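Colleague: Please take a close look at one part of this model, the packing of helices against one another and against a sheet, and explain it in a single connected account.

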Amino acid sequence: MSGNPYQDDRGNKDRTITNTGGSEWTGAVRSGGRAERVNGDGPFLIGDGMTGGYGTGANILQDCTISVERGEIAVIVGPNGAGKSTAMKAVFGMLTLRGGAVRLNGEDITRLTPQARVARGMAFVPQTNNIFTSMTVEENLEMGAFLRRDDISATIAEVYDLFPVLRDKRRQPAGELSGGQRQQVAVGRALMTRPGVLMLDEPTAGVSPIVMDELFDRIIEVARTGISILMVEQNARQALEIADKGFVLVQGANAYTDTGKALLADPDVRRTFLGG
Ligand SMILES: Nc1ncnc2c1ncn2[C@@H]1O[C@H](COP(=O)(O)OP(=O)(O)O)[C@@H](O)[C@H]1O
Ligand SMILES: [Mg+2]
């Protein structure tokens, strides 16, 4: 892409890319030595050329690729019904793919159940019903750690350090909290497994701009600890500002893929998806 003012940025400069097929992709998105992989050469997590739909219904995803590197923030944006949530479910193993693969740290996990993916370090905060409203804040965090057999108190303390208001409200039913605080509970619960990758589907839905900014700051803080973030966002402009990598999905397919900055600067993306 000539004339791109962000040549130094990480990310793939080919915004029309739809099927990345392994090694080409890796060279393009690899960030100067930051990724530490145990095996394989691909991104830390990739849903690669995913095709599939619900049950026996029509394909929703059409050769859709999304990925994230270790410790980076990848953001998926696109119109309502584009298949963003479906792509997240597919990566997490809640949808049977008819084509493509999901790989985590080089391992093909396409056939693994969501539970098995959690055991391998994936955590998912779905778009809706992502907390237990009748349980207290702390019980929600404890539920998040159900797979762990070790002492979880240090992780609970870390979650409270990240979201101090949750410490104050730890004995309150989560359903009594504000929308933004409930999202903190959902993110905190997901962090209880000490994941390597945190997947968030519209974490700022229904919260004020101030609460959104605050939550994005906390998400950046989580990424700085080395956890990968794969996030769907309807606040596309703000989310792309914090994204290392952005994926614009349209009708279940990749429309644009680039660094967050490059997408924000792209006239076509701005006009079509960011309101000018
Ligand atoms: N559980 C489901 N069963 C059948 N179709 C679904 C289901 N969830 C979503 N869809 C369909 O899949 C398409 C993509 O939806 P979704 O992934 O939720 O889009 P987005 O998250 O981008 O708004 C839509 O046409 C929607 O109607
Ligand atoms: Mg959705």
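Modeller: An axis, in what follows, is a line fitted to C-alpha atoms, for helices over the stretch in contact, and angles run from 0 to 180 degrees between N-to-C directions. The structure shown is a predicted model.

Consider a pair of helices to begin with. Helix α4 (residues 137-144) packs against helix α7 (residues 179-191) at an angle of about 35°, and their axes are 7 Å apart. The crossing of α4 past α7 is right-handed. On the side of α4, the contact is made by V137, N140, L141, M143 and G144, while α7 contributes V185, G188, R189 and A190.

The account now turns to the sheet. Six strands make up an open sheet of mixed pairing, and their order is β6-β7-β8-β3-β9-β10. Its edges are formed by β6 (122-125) and β10 (253-258), each of which pairs on one side only. From one strand to the next, the twist averages 15°. Strand β9 (residues 245-250) is joined to β10 by five bridges in the antiparallel sense, and in this pairing F247 stands opposite T257 of β10.

Two helices may be described in relation to this sheet. Helix α2 (residues 84-92) lies across β3, β6, β7, β8 and β9, and runs at about 150° to β7. Helix α8 also packs on the sheet, where it touches β3, β7 and β8, and its direction makes about 150° with that of β8.

At 1.5 Å a residue, its 16 residues (209-224) should span 22 Å, and the end C-alpha atoms are 23 Å apart, which agrees. The buried residues of α8 are M212, F216, I219, V222 and A223. Seen down the helix axis, these buried residues fall within an arc of 115°, so they line one face of α8.

What covers the buried residues of α8? The cover includes the strands β3 (73-77), β7 (197-201) and β8 (228-232), together with helix α9 (236-241). The face of α8 turned away from the buried side carries the exposed residues I210, D217, E221 and R224. After α8 comes G226, whose phi is positive, near 105°.

Note on methods
Residues are numbered from 1 along each chain as its sequence is written. Chains are lettered from A and ligands numbered from 1 in the order in which they are written. This is a predicted model: local features need pLDDT of at least 70, side-chain atom pairs count only at pLDDT 80 or more; totals for chains, interfaces and linings use all residues. Helices (H or I, at least four residues) and strands (E, at least two) are DSSP runs, numbered from the N terminus. The expected span of a helix is 1.5 Å times one less than its number of residues. A residue is buried if 20 or more other C-beta atoms lie within 10 Å of its own, exposed if 12 or fewer, and partly exposed in between; C-beta atoms are placed from the backbone. The arc is that of the directions from the helix axis to the C-beta atoms. Two residues are in contact if their C-beta atoms, placed from the backbone, lie within 7 Å. A crossing is left-handed if the near helix is turned anticlockwise from the far one by less than a right angle, and right-handed if clockwise. Two strands pair if DSSP finds at least two bridges between them.
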